[in-house]
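Here are my notes on this model, as numbered points. Please read them with the coordinates open.

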Amino acid sequence: MRICMMEGPVDLAPDSPTWAGIAERIAELEPDLLVTNEMPFGEWLAGSPVYDPARAAESVRMHEAGLTALAVLPVPAIVSSRPIPAGDRLANEAFALQGGRYTRLHHKQYFPEEPGFFEATWFRPAMEGFEVVDVGGIRLGVQLCTELMFNERSRRYGRDGAELIVVPRASGASIGRWLTAGAMAAITSGCYVVSSNRAGRTADGQVFGGRAFAFQPNGEPLAQSTDTESIVVVDVDPARSRAQQSQYPCYVKE
């Protein structure tokens, strides 16, 4: 299976020349599965410590337009996330698109609350759980950004039969601990781990670190994006994940 990961630029609009260039490059790479960064379209709401219903509604609208842009990509399966209304806040919903068919996968459960990332102010889950789902012929689980820091969720995905963990992110300039978390998620689960991230500096100075990355089921690096290649493909073999899950430390009983 050929999986595409990417660095998504800040303030990306689905009707922009920038998106057209991204779409063209993705089509050239001919992936079986695309993993985008977390909530890839429009502004980063959680930079503000105050919830704004009008800005929340605009982000929902922008991502609804983004669904149309994603659906026309010549890619059999796509995993991304978007904001949806959830009472007095938003939910960050991971989803799959396959042949234009939308499948809800997961709602983000764990939220930071600090400068640049006031996510608990803006978001709450409207559904519980970390479920394994078949997408594009591979069994996967989703950990949205901060959720990657919780290895117990990665380990459980492996125990539940996942072969791949996808991690859409919108993380800051520091990249080292995210690489460590990705490697540990692979080691504890026996799954491939593939993560895309937002990249660049916003008008108010907030920096997102980019660096899409992929790890093999044994925790060894598989690939990363670079300064010259922001969209990268990797080849994965689900059988390798299944084999790794019988090896140390995956077989160790809880």
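1. Start with Asn-92. Its side chain makes a polar contact with the side chain of Ser-81, at 2.9 Å. A polar contact is a pair of N or O atoms within 3.5 Å; within protein, one must be able to donate a hydrogen and the other to accept it, and residues adjacent in sequence count only if both atoms are side-chain atoms. A second polar contact, of 2.8 Å, joins the side chains of Asn-92 and Glu-38.

2. This is a predicted model: local features need pLDDT of at least 70, side-chain atom pairs count only at pLDDT 80 or more, and totals for chains, interfaces and linings use all residues. Residues are numbered from 1 along each chain as its sequence is written, and side-chain values use heavy atoms, with hydrogens and water left out.

3. Where does Asn-92 sit? Asn-92 is found in strand S4 (residues 89–98). Helices (H or I, at least four residues) and strands (E, at least two) are DSSP runs, numbered from the N terminus. Asn-92 is buried, with a relative accessible area of 1%. Buried means under 20% relative accessible area, exposed over 50%, and partly exposed in between (1.4 Å probe, protein chains only). Contact means heavy atoms within 4.5 Å.

4. Next, the salt bridges. How many does a search of the whole structure find? The search finds 13 salt bridges. The criterion is a side-chain nitrogen of Lys or Arg within 4 Å of a carboxyl oxygen of Asp or Glu. Side chains of opposite charge can pair when their charged atoms come close.

5. One of them pairs the side chains of Glu-229 and Arg-25, at 3.9 Å from N to O. This pair links distant parts of the chain, 204 residues apart. Glu-229 is in the loop between strand S14 (221–224) and strand S15 (231–235), while Arg-25 is in helix H1 (residues 17–29). Glu-229 is partly exposed at 38% relative accessibility. Arg-25 is partly exposed too, at 31%.

6. Glu-43 and Arg-55 also meet in a salt bridge, with 2.7 Å from N to O. Glu-43 is in the loop between strand S2 (33–35) and helix H2 (53–71); Arg-55, 12 residues apart from it, is in helix H2. Glu-43 has a relative accessible area of 34% and is partly exposed. Arg-55 counts as partly exposed at 25%.

7. Within helix H2, check Arg-61 and Glu-58. Their side chains form a salt bridge of 2.8 Å, N to O. The two are separated by about one helical turn because they are 3 residues apart in helix H2. Arg-61 is partly exposed at 42% relative accessibility, and Glu-58 is partly exposed at 36%. Elsewhere, salt bridges that share partners join Arg-155, Arg-156, Asp-160 and Glu-254 into one network.

8. Leu-67 lies in helix H2 and is buried at 16% relative accessible area. Leaving aside neighbours within four places in sequence, Leu-67 is in contact with Arg-82, Phe-95, Leu-97 and Tyr-102. Ser-48 is in the loop between S2 and H2. Ser-48 counts as buried at 15% relative accessibility. With the sequence neighbours within four places again left aside, Ser-48 is in contact with Arg-55, Phe-118 and Trp-122.

9. Now helix packing. Helix H4 (residues 151–159) and helix H5 (residues 176–189) pack at an angle of about 35°, with axes 7 Å apart. Axes are lines fitted to C-alpha atoms, for helices over the stretch in contact, and angles run from 0 to 180 degrees between N-to-C directions. From H4, the contact uses Asn-151, Ser-154, Arg-155 and Gly-158; from H5, it uses Ala-181, Met-184, Ala-185, Thr-188 and Ser-189. By class, this contact of H4 with H5 has 3 nonpolar, 5 polar and 1 charged residues. Here Ala, Val, Leu, Ile, Met, Phe, Trp, Tyr, Cys and Pro count as nonpolar, Asp, Glu, Lys and Arg as charged, and the others, Gly among them, as polar.

10. Last, the backbone. A cis peptide bond joins Tyr-248 and Pro-249, with omega about 0°. Pro-249 is in the segment after helix H6 (238–244). Glu-30 is a residue other than glycine with a positive phi, near 55°. Glu-30 is found in the loop between H1 and S2 and is exposed, at 59% relative accessible area. Cys-145 has a positive phi of about 50° although it is not a glycine. Cys-145 is in the loop between strand S9 (138–142) and H4, and counts as buried at 2% relative accessibility.
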